[in-house]
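Colleague: I'm new to reading models like this one. Could we go through a few of the labels together and see what stands behind them?

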Amino acid sequence: MGLFLGLGMAGIALLAASLVFDGILEGVFDGALNGLFDGWLSLPVVAGFVSMLGFTGAIVLGTTGVGPGAATAAGALAGAGAGWLTWRLSRALLRDHSGAAPRQDDLVGSAGTVVTAIPSGGYGEVLLRLAGQPVKYAATADGPLARGAEVWVTAAPSSTSVSVRAVEH
């Protein structure tokens with residue numbers, strides 16, 4: 001029983017370590033056996049397997065009259081299932097591209113407010129809302145714009161600056 005509980009706790013500790021050292025096993029076995037173990041030897045998958053092996057083995061051993069061999073078999077089966085589910089979930093999360101970082105082109109057409117006056121032929125600052133978050137950019141305009149003026153982004157010449165025009169009401 002102690003061995004199974006130790007395996008379960010070791011799996012939990014390995015899962016915690018995977019938050020810090022994620023990707024370390026993939027790097028070690030990169031390209032091994034032509035990618036046969038791609039994703040299967042990740043720390044979360046191994047941690048899920050070891051935890052379920054240990055805790056299921058302890059439960060089976062403690063609640064039934066079967067011996068350690070049958071408890072190990074039940075734990076290994078449960079561990080394989082947990083490892084497979086962990087692998088599937090990690091693949092699904094890696095395929096999720098909905099959280100892509102905004103690009104410069106995404107700024108064009110955004111509305112904002114001048115927070116530092118924009119002089120004629122110079123730079124000021126505007127506050128834009130990008131993906132719901134306020135972001136401050138350096139800004140130029142065709143003419144001077146006072147602080148508090150509402151603006152539209154007409155171009156994004158760099159990743160830190162935009163060209164704006166005043167919103168006409």
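Colleague: What makes the pair formed by the side chain of Thr56 and the backbone oxygen of Met52 a polar contact?
Modeller: In this predicted model, a polar atom of the Thr56 side chain lies 2.8 Å from the backbone oxygen of Met52. The cut-off is 3.5 Å, so that pair is within it.

Colleague: Why is Thr56 called buried?
Modeller: Its relative accessibility is 17%, and buried means under 20%, so Thr56 counts as buried. You'll find Thr56 in helix α3, which runs over residues 43–63.

Colleague: Which residues does Thr56 touch, leaving out those up to four places away in sequence?
Modeller: Thr56 touches Ala74, Gly75 and Ala78. Gly75 is itself one of the buried residues of α4, a group that includes Ala71 and Trp87. Both α1 and α3 are among what covers the buried residues of α4.

Colleague: How do you know that the length of α4 fits a helix of 28 residues?
Modeller: At 1.5 Å a residue, α4 (residues 68–95) should span 40 Å. The C-alpha atoms at its ends are 40 Å apart, so the two values agree.

Colleague: What makes a set of residues a nonpolar core, and which have the most contacts inside the largest one here?
Modeller: Its members are buried nonpolar residues joined through side-chain atoms within 4.5 Å. The largest core has 16 residues, and Leu107, Ile118, Val126, Val162 and Val164 have the most contacts inside it. Strands β2, β3, β4 and β5 each supply at least two of this core's residues. Val162 is in contact with Leu107 and Val126, among others.

Terms used. Residues numbered from 1 in each chain as written. Predicted model: local features only at pLDDT ≥ 70, side-chain atom pairs only at ≥ 80, totals over all residues. Heavy atoms only, no water. Helix = DSSP H or I, 4+ residues; strand = E, 2+ residues; numbered from the N terminus. Buried < 20%, exposed > 50% of the residue type's maximum accessible area, 1.4 Å probe, protein only. Polar contact = N/O pair within 3.5 Å; in protein donor to acceptor, adjacent residues only side chain to side chain. Contact = heavy atoms within 4.5 Å. Expected span 1.5 Å × (residues − 1).
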